[in-house]
Amino acid sequence: MIELNRRHFLKGAGASGATCALASTLPGSLAALEKSPLKGVASEVASICEMCSTRCPIKARIVDGKNVFITGNKEAKSFGGKVCARGGAGHSLLYDPQRIVNPLKRVGERGAGEWAEISWADAYKEIATKMNQIKQQYGAETIAFSSKSGSLSGHIFHLAEAFGSPNTFTHASTCPGSYVVAAKAIFGTKMKRDLSNAKYIINFGHNLYEGINMSETRGLMQAQMDRGAKLVVFEPRFSIVADKADEWHAIRPGTDVAVALALCHVLINDNLYDHDFIEKYVVGFDEFAAEVQKYTPEWAETISDVSATAIRRIAHEYASHAPHAVVDFGHRATFTPEEFDMRRALYAANILIGNIERKGGIYMGQKAPGYNKFAGENVAPALAKPGVKGMPKPTAIRIDQVEKQYAMMWSNGGIYQTILDATLDAKPYQLKAWVMSRTNPMQTLTDRAKVEQSLKKLDLVVSCDLYISETAAYADYILPESTYLERDEEIQDKSGKNPAYYVRQRVVETIGNTRPSWQIFKELGQALGLEQFYPWDNIQTLQLMQLNRDHSLLEHIKKMGYVSYGKPLMLREPEMVTEFVKAYPNAKSVDADGTYASSMSFKTPSGKIELTSPKIEGMAPGRGVIKHRDVQLKQVDELYFIQGKVAVHTNGATHNIPMLANLMSKNAIWIHPITAGRLDIHSGDAIRLTSSVGSEEGTALVTPGIRQDTVFAYMGFGSKNKELVRATGKGIHCGNLLPNVIAPICGMNLHTTGVKLVKI
Amino acid sequence: MSKRYVMVHDENKCIGCQACNIACRSENEVPEGVTRLQVRVEGPFGEAPNLHFKYHRVSCQQCEDAPCVSVCPTGAAYIDENGLVSIHNDKCVGCMYCVAACPYKVRFMNPITKAADKCNFCKDTRLARGEQPACVTACPTDALYFGDANDSKSEVAQLLNTKITYQDKTHLGTKPRVYRVPTKRGGIES
C-alpha cells in the first residue's frame, strides 16, 4: 500500500507544479487574483472544521499573515484538542489557486468546461427568472434542492420551502440513512455509542481508524489501550481497524446481517440475554426470538464464511462483559439492499444484553430541555428555534413519496437517488431543475452515467460549491461559497451525555468574491420575490434569536468555541445518576435501583423499544420482524467490489486540495494474491473492472489484506471533469461501477456490486 | 543540566493517518514535494488472518552521534546545546553530503531555502514558543510523546522506563533519540 502511496506522493508533487499554468487560465479561480497576506480576525479563533461531516471543534491561528495553523479545541474533551490530516490541511483549501472565488456561468455545452465570470447580481437575476418560469409553467415541485447535511443545509432547504418545493434531499441515502432510520424504528430516536467505556467491542466494518470521527476514533483507541477492551472486527478487507483489532474475520461482503442474527441466536438460546431489561423496556421480543431460531451460527457460517465456533465464542465473550459491551452499528451504511434489517439486527444485539443507557453501551444523549427537567433547574440554556411564520405548504408530493415503505425517509433526508428516475423517466413526475449546495452526486450517488444524463436533461442546474466539482462541472451557474475558515454560522447543538454547544466563526477575512451559503440562498430568495420569508439580516441576528438575545452568552460561546454544561448522565448508570443527584438538589427522584431507568422515554408507537415493529409491518407487510433475506450482490463469475474511506480524504470533496492530493491522488485496486495470480496480475499492473453499469481502468495492488473473491478501492477518486486538475483521471471512479439501487424501507443506495477483473 | 529531547512513537496507537505529516508541513512551511515527516504504513505482513501492518515513522532520528554532522564540511550541520541536530542555513553550501550520509534517508534540500532541511522537533517554531512539536499536538490517537528524558518526572522518561522500546538501526552507532514502542498483537482464540 505505502509503496504506491509514496510513488504517488512524488508524482503528485510534480504534477501539481506542472498544472499551475493550466489552472491560472480557469476563470473565477483564486489563481486569477493577486496573492496578498491573509488578514486574520483575531490571534486565535475557536471554530468548527468542515473538512468532513464530523465537524470537530478547532482552534485556528494565523502564522505570519500567510498561513493558518489548525489544531483541535481542547474545550471539547472527547476530541482531545486534535485534528486529522484533513482538518490540519484546511489552509491548503483556503489558499488553493484552483478554488472558485467568483460566480461563473456556463458558456458552452453543459459539462464542456467553458465558463465566464458573472456578477452575483446578474447570477441571482438570471437564476431567479428561470426558476420562476419553471414554477409557473410546471410547478415549484419540479425543482429539486439538495445539500450535504450540515450547518448551512437549513438555508437551502428554507429556500426550497419558501419557493414551494417539497423535494429536498441530503446525502443520507448514500451514507448514514439506514442506521438512523433503523434506530428511529426501534428506539424512536437516533442513538450514540459510548465506545471509550466499552470493555468488548464488536465492529462490522466501521473503520474508525480511517474514516476518522475524532471523538469516536479516540474513544475506540482509549477503550483498547487504556481499558484493555477487546475489539472484534468483521470486514472483507484488512483495514486499519482490522489491523488494530484483537480478531479480524474476513466476512463475505454484505452478509453482516447473518452474523449479527446468529449472535442474537446464541444470546437468546444460550440464555445470555438480560431478561429483566427485555421484560421492562422491550416489545416484540417473542416474535424476534422465534424468528432467530433458524439463524444458527452453523447457518451463518455457510453464508458469511465466519466460523460457527467463532460466532458462538464471540457471543459468549460479548455477553460476559454486559452491559459494558457494544456492537457498533456502523456509519457508511450501504453494504446490502437489506441494510434496514442489518442495522436493526446490530441494534438487537445491543438490546439483548441491556446496554442501553449504560457505560460502554449505546445511549440517547441529553439535550438541554430534557437535562434541565432531570436536574430540576436550568443547568444549560436551551436553544430557541427561530421559525418563520406563514411558510407555504407544498401542494405536491415528494418524488420519493410513492411507496409508503419509505415513509420514514421523507423526513430524514429523503431518497437522494430518486432525482434520477424523476428526471429521466418522469417517475412519479418530471423534474425540471436541480439546485444544490456542497454535494457531489457524480461521485457519491451511484451509476455515474445516469447522473450525467440527468444533469444534461434538466432545464436548469445550479451548484453552490468551493470548486468546480465533478457535478458543478455540469451546472449552468456556479455560486462560490466561502470556505469554513471565512464563515460565521448559527450555534450548533453538540450535546452528548450532557448538553453542549459550539459555533463556527470566521478565522480570516474573505478571499475573493465568495459568500457564505446562508447569504447566497437568502439573496437568491430575495431575487425570487420571497423576501418576506427572510426576517433576519445576518448570522449574528440568527445567533441572538437562538440565544433569546443573551449577548453575554453569545460572547461566551464565541470565546470558548465549545461550551458544555453539567455532568455526564446516562439514565441507567447508577454511578452517574448518583453524581447527578448530588450536584442538583432539586433533581428528579431516582428509582429504587438508584437510576432513572423508568424515566427513559422512547418515541415509538408503544413508548418502548420495538424489537419487532408493528409500524414497519404497516408500512411494508412482512417487514415488522427482523429477518434474513437472500440477496444476490454479484454473478458467480464476478468478484465483489467494495469501497471504503481513507484517512486523508473525505468522500467526493477533498481530492483536489493541494496538500491532500499530494498525500494521495490515486486509489489502487486491492486484489488477493491468488486472484491476481490466476490472471497474471502484479502490483502496479494496469487492470480493468467492468460492472453491470460501467467500466474503469486502474492500477493493481496485490495484497493478502482482502478476500480472494473481493476487490477493494478507496472511494472518491477518478473525477472525470477537467477542472479538478489534481484529481481528474487519477484512479478509478467507484460511482461509475455501482448500479442505482433503492433499498427497502431506508431507501439506501448500494456500495457492493459484482465486477469482472482483467489485466490490460 | 542540558535537556535531552526525545520522541516516543507508540506503534500500537498509531493509525497511519498522516495528521502528523500535515501538521508538520503546516507549522514549518515544508514545501510541496519534500517532507520532514511521514508515517509509512508497511505491509500487511504475515498470513491471513494473522496479518499486521507496520507503522513506521520516517523523520530525523536526532542521532547523538550524527553522520550528517560529521560529514558536513562547513559546520552548517551541528548539534545544539539540547542535543538537537540543527542546521545553519547560511552556512549550508548545498553539497548534499549530509543527504547522502544520513542512514535514515530523512534529509533533503529545501527548494525554497536551498539549504539542507529535516525535522528538528519544531525547535524554531513551536518549541520556541513553549509548545509541543506539531506532530505531537495533532496526533489523533495520542501515539506520540515528546519531552526531556533528563527530567525523570517527564512522561517520556517514565515511558522509556516502563515500556519496551526500540530504535532504528542502532547497530550503526548513531544513538537515535526517536524511540518506538513495537506493536503487540493481542490475544486471539480465547
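**Notes on a two-chain predicted model**

1. Let's start in chain B, where a hairpin of two residues links strand 2 to strand 3. A quick word on terms: helices (H or I, at least four residues) and strands (E, at least two) are DSSP runs, numbered from the N terminus. Two strands count as paired if DSSP finds at least two bridges between them. Strand 2 (residues 38-47) and strand 3 (residues 50-58) of chain B pair in the antiparallel sense, with eight bridges. One of the pairs to look up is B:Phe45, whose bridge partner in strand 3 of chain B is B:His52. The loop between these two strands also holds B:Pro49, and the peptide bond from B:Ala48 to B:Pro49 is cis, with omega about 0°.

2. Before going on, some housekeeping. This is a predicted model, in which local features need pLDDT of at least 70 and side-chain atom pairs count only at pLDDT 80 or more, while totals for chains, interfaces and linings use all residues. Residues are numbered from 1 along each chain as its sequence is written, and chains are lettered from A and ligands numbered from 1 in the order in which they are written.

3. Now for chain B as a whole. It has five helices and nine strands, and from the N terminus on they come in the order β-α-β-β-α-β-β-α-β-β-α-β-α-β. The radius of gyration of chain B (taken over C-alpha atoms) is 17 Å, close to the 16 Å that the globule rule (2.2 Å times the number of residues to the power 0.38) gives for 190 residues, so chain B is as compact as a globular protein of that length. Its C-alpha trace spans about 60 × 35 × 35 Å along the principal axes. Of the 190 residues of chain B, 44% count as buried; that takes 20 or more other C-beta atoms within 10 Å of a residue's own, whereas 12 or fewer make it exposed and anything in between partly exposed, with C-beta atoms placed from the backbone.

4. Chain B also has an open sheet of three strands in the order 8-1-9, with mixed pairing. Strand 8 (144-148) and strand 9 (178-181) of chain B are the edges, each pairing on one side only. From one strand to the next the twist averages 20°. (Axes are lines fitted to C-alpha atoms, for helices over the stretch in contact, and angles run from 0 to 180 degrees between N-to-C directions.) Strand 1 (residues 5-10) of chain B runs antiparallel to strand 8 of chain B, joined by five bridges, and B:Val8 has B:Tyr145 as its bridge partner in strand 8. Helix 5 (residues 155-162) of chain B packs on this sheet, touching strand 1, strand 8 and strand 9, at about 110° to the direction of strand 8 of chain B.

5. B:Lys105 is not a glycine, yet has a positive phi of about 55°; B:Lys105 is exposed, with 9 other C-beta atoms within 10 Å. B:Lys114, also not a glycine, has a positive phi of about 65° and sits in the loop between strand 6 and strand 7 (116-117) of chain B. For background, most residues other than glycine have a negative phi, and most peptide bonds are trans.

6. On to chain A, which has an open sheet of seven strands ordered 5-4-17-16-15-6-7, with mixed pairing. Strand 5 (115-117) and strand 7 (168-169) of chain A are its edge strands. Strand 6 (residues 143-147) and strand 15 (residues 433-437) of chain A run parallel, joined by five bridges; A:Ser147 is partnered by A:Ser437. Helix 6 (residues 153-163) of chain A packs on the sheet, touching strand 6, strand 7 and strand 15 of chain A. Chain A has a cis peptide bond too, from A:Lys427 to A:Pro428, with omega near -10°. A:Pro428 lies in the loop between helix 18 (418-425) and strand 15 of chain A.

7. Finally, how do the chains meet? In all, 38 residues of chain A are in contact with 34 residues of chain B (C-beta atoms, placed from the backbone, within 7 Å). Helix 8 of chain A gives the largest share of chain A's side, five residues. That side divides into 22 nonpolar, nine polar and seven charged residues. Here Ala, Val, Leu, Ile, Met, Phe, Trp, Tyr, Cys and Pro count as nonpolar, Asp, Glu, Lys and Arg as charged, and the others, Gly among them, as polar.

Conventions:
Two residues are in contact if their C-beta atoms, placed from the backbone, lie within 7 Å.
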